[in-house]
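My notes are below, in the order I looked things up.

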Amino acid sequence: MENLAQFEADLWEAADNLRANSKLTSSDYLMPVLGVIFLRHAANRFDTATKQIADDQAAGRMPKRKVQPADYIRRRALWLPEPARYDYIMDKASVDPAGLPKLVTEAMTAIEADFEPLQGVLPKDYGIFEPKVLEDLMRLFNTELIKHATGDVFGRIYEYFLAKFSIQKAHDNGEFFTPSSLVQTIVNVIEPDHGIVFDPAIGSAGMAVQSSHFIEDHGGDTSRQVVIYGQEKNRDTIRIAKMNLAVHGLEGKIAEAITYYQDEHSLVGKCDFVMANPPFNVDLVDAERIAKDPRLPFGLPGVNKAKKVSNGNYLWISYFWSYLNPKGRAGFVMSSQASSAGNDEKEVRKKIVETGDVDVMVSIRGGFFYTRTVPCELWHFDRNKPADRKDKVLMLDARSIGQLMKGSRKVYEFTPEQLENIAAIVWLYRGQESRFVELLALYFFNLLEQMAPMAGHAEDFAGAFKRLSDELTAIALSAGAHGHDLDSPAEGPDDSPSPEVQWDEANTKLSEAWEPFRRAAAKAKPSGNAHLQRLGKLLEPFPEAVRCVIRQTDLLYKSGDRLVARVQEFQRSNGNRHGNSNGKGSAQPEARVFRSPGDEAVEINLGELRRLLKACDGARLKLAAQLKTVLYFHHQIRWLQDRFPDAIFRPVPGLCKIVTRKEIEAADWSLTPGRYVGVAPAEVDEDFDFEKVITDIHAELATLNEEADELASTIQTNFAGLTI
């Protein structure tokens with residue numbers, strides 16, 4: 001499915017409109033909507049598995065016997081009894097629409113009865129819906145497009161809805177959902193591909209799901225390679241987590257527990273991987289209850305007069321370390337203040353650093369979370385670091401990396417390539433230069449792939465503009481013959497080349513800048529860093545040539561747009577003085593005939609002009625988008641090659657540095673990357689998108705204005721309460 005992001009947005013808008021037209025709040029709506037998504041996804045997987053089983057039996061790969069539920073489980077699908085099948089529900093509802101809430105509730109009950117991990121998990125409160133609202137929701141997820149969606153697509157839709165509900169603060173202030181960018185960064189660093197994977201603050205199970213994606217992207221089978229464990233204190237959040245796992249075809253052992261006091265799975269020293277996004281800065285943990293906890297080998301991080309732990313951050317950090325086996329890795333999100341905290345917290349941090357197990361520290365700018373704007377850091381432990389790195393830590397300051405999420409005014413994310421670039425720095429730190437080179441080669445391949453359709457887009461734009469130009473030229477010539485002055489689009493000011501000529505010249509220069517690289521890349525598959533460096537050098541004139549084509553495309557389109565505007569002005573100034581084509585005296589705005597003083601006609605079809613202009617603009621936007629995608633991949637190549645030209649790690653000011661234990665001790669045991677990497681030198685961003693930045697600034701200003709209005713209203717209300 002192409003354009004998945006837009007598809008997700010359209011689904012959310014439709015579902016949210018249904019909520020707006022009912023008496024339900026977001027909190028009421030959350031679980032039932034996720035339940036419908038789950039039901040649709042289960043039906044898709046069931047249908048796919050049914051076909052696979054039939055094919056396997058026909059081909060002799062499976063005996064022709066009665067099909068068992070286990071046959072579906074082996075194909076990552078749930079066996080669905082007939083009352084739980086989406087088509088069955090919709091068929092029954094078409095006869096008795098008022099019975100739909102009962103049908104959906106019965107479907108959920110039937111699934112739970114046949115699949116033990118989901119018992120007591122699925123939502124069954126569909127009686128809160130008016131039948132028409134529920135019917136519309138069910139139909140929303142019953143289109144032909146949805147019916148043929150794959151598992152990956154449904155996982156994305158489920159996560160997208162979780163994120164949107166999080167933004168609405170529909171559940172526990174949104175803390176149950178960790179932004180995918182942060183989860184993927186952690187997964188890319190610790191690479192959880194085997195054994196026990198544990199999240200002691202599992203939330204919606206995003207860490208486990210991303211681990212599965214990592215395994216399957218590398219050709220593995222999650223169900224065979226890892227066992228997923230989790231703990232979560234909130235019962236409703238556990239339901240969300242289990243549904244999230246199930247919608248991705250996964251199972252997990254998730255316990256209801258408060259991790260500060262409970263270790264329900266007894267996993268101390270047993271985990272291959274630990275991942276979490278715990279609550280930050282909790283100060284109500286009972287110190288006496290945890291004083292002898294074996295998960296706290298570094299001691300308590302400070303106790304206040306009320307016998308509470310002053311700040312729970314280092315409880316979590318100690319727990320994560322303690323759960324690891326001697327070869328285990330951990331990655332977790334943590335408040336930025338923790339990495340340089342003083343007093344007893346510093347003493348705990350010192351002891352952890354002295355283990356030699358702190359591996360990678362990553363600083364993240366504010367704005368990545370949906371409901372809080374504070375910056376954070378990603379900590380990573382590795383209890384099996386090689387001797388040459390045992391007393392070293394990679395400090396990576398990623399605060400300059402990231403972009404506003406599409407459709408959001410203030411939430412940031414990493415692009416897939418930015419995630420890969422961060423991982424590539426970690427690879428170099430670990431001496432995995434070949435992976436770095438493979439990523440660069442992939443970017444070169446993507447560049448070639450993205451340039452391939454460029455000629456077709458340019459041809460489409462040229463054809464669209466020629467049709468517009470021909471129409472405008474005919475009008476200009478006709479008007480000129482009758483004493484009216486209208487320029488044709490082929491003319492340029494002050495005898496300079498016309499915009500059309502300049503556009504042709506820009507395309508010629510782009511071809512000249514691209515052709516040497518294309519020929520060199522065609523001779524041999526990009527391989528080896530030296531070869532890639534040579535290819536990169538061949539592309540030095542390329543980005544400016546691309547930007548020139550984008551500029552000239554805009555100018556050429558604007559030249560046509562201005563002339564269409566002049567024709568419209570000609571219509572306004574002459575339309576009332578002269579007759580029209582039907583001779584009835586009534587104005588026809590789409591096709592008019594204007595008469596010159598000699599009573600000779602100048603016919604202008606404004607409707608056709610607008611159609612041609614719109615087609616030209618559409619072709620322009622497609623060409624510009626393709627060229628910007630090309631620039632984007634070139635930027636990824638330059639970003640890596642400029643910083644690591646030899647495909648070997650080196651410190652980059654403002655970005656990364658490998659520090660020793662002595663350096664950390666000299667810095668008061670701080671683990672804040674910005675304290676070590678320095679400041680990046682000022683540089684000119686040739687790919688700076690002024691229009692996008694201005695749009696982002698306006699969006700941020702609008703958000704700040706909205707927040708200011710809300711604060712002013714709150715202050716006014718509070719003040720009124722004080723004066724009563």
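**Entry 1: ground rules.** I'm working on a predicted model, where local features need pLDDT of at least 70 and side-chain atom pairs count only at pLDDT 80 or more, while totals for chains, interfaces and linings use all residues. Residues are numbered from 1 along each chain as its sequence is written, and side-chain values use heavy atoms, with hydrogens and water left out.

**Entry 2: whole chain.** I looked up the secondary structure and got 25 helices and 13 strands. These are DSSP runs numbered from the N terminus (helices H or I of at least four residues, strands E of at least two). Of the 724 residues in the chain, 49% are buried. Buried means under 20% relative accessible area, exposed over 50%, and partly exposed in between, with a 1.4 Å probe and protein chains only. Then I checked contacts, meaning heavy atoms within 4.5 Å. Taking those between residues at least 6 apart in sequence, 74% join residues at least 24 apart.

**Entry 3: the sheet.** Which strands make the open sheet, and in what order? I read off nine, as E3-E2-E1-E4-E5-E7-E6-E8-E13, with mixed pairing. E3 and E13 (656–660) are at the edges with a single partner strand each, so one side of each has no neighbour in the sheet. The average twist from one strand to the next is 15°. Pairing here requires at least two DSSP bridges between two strands. As a reminder to myself, strands of a sheet pair through backbone hydrogen bonds, either parallel or antiparallel.

**Entry 4: the E2 end.** I started with strand E2 (residues 226–232), where six of the seven residues are buried. Five bridges link E2 to strand E1 (residues 195–199) in the parallel sense, and Phe 198 stands opposite Tyr 229 there. E2 also pairs in the parallel sense with strand E3 (residues 253–256), over four bridges. In that pairing I found Gln 231 opposite Ala 255.

H12 lies across E2 and E3, at about 175° to E3. For such angles, axes are lines fitted to C-alpha atoms (for helices, over the stretch in contact), and the angles run from 0 to 180 degrees between N-to-C directions.

**Entry 5: the E6 end.** Is E6 enclosed or open? Seven of its seven residues are buried, so E6 is largely enclosed by the rest of the structure. I counted six bridges in its antiparallel pairing with E7 and four in its parallel pairing with E8. Met 361 turns up in both, opposite Trp 379 in E7 and with Met 395 as its bridge partner in E8. E7 (residues 376–382) also pairs with strand E5 (residues 324–335), antiparallel over seven bridges, and Ala 330 has Phe 381 as its bridge partner. Helix H16 (residues 416–429) lies across E6, E8 and E13, running at about 160° to E8.

**Entry 6: helix H14.** All 11 of the 11 residues of H14 (residues 313–323) are buried, so this helix is largely enclosed by the rest of the structure. Among them are Trp 316, Phe 320 and Trp 321. The cover includes E1, E4, helix H13, E5, helix H15 and E7.

**Entry 7: cavities.** Searching the whole structure, I got three cavities of 30 Å³ or more. A cavity is a set of points on a 1 Å grid over the protein atoms alone where a 1.4 Å probe fits but cannot get out; lining residues have an atom within 4 Å of a point. Grid points are joined across faces, edges and corners, and a volume is the space filled by probe spheres set on the points. The largest cavity holds about 70 Å³, and its lining includes Phe 115, Leu 118, Lys 242 and Ala 246.

Entry 8: Ala 246 is found in H12 and is buried, with a relative accessible area of 13%. Leaving aside neighbours within four places in sequence, Ala 246 is in contact with Phe 38 and Leu 118. Phe 38 is 208 residues apart from Ala 246 along the chain, yet their C-alpha atoms are separated by 7.9 Å. Asn 244, also found in H12, counts as buried at 1% relative accessibility. Residues that Asn 244 touches include Tyr 158, Glu 159 and Ser 204.

Methods:
On a 1 Å grid over the protein atoms alone, a cavity is a set of points where a 1.4 Å probe fits but cannot get out, and a pocket is an open set with protein on both sides within 12 Å along at least five of seven lines; lining residues have an atom within 4 Å of a point.
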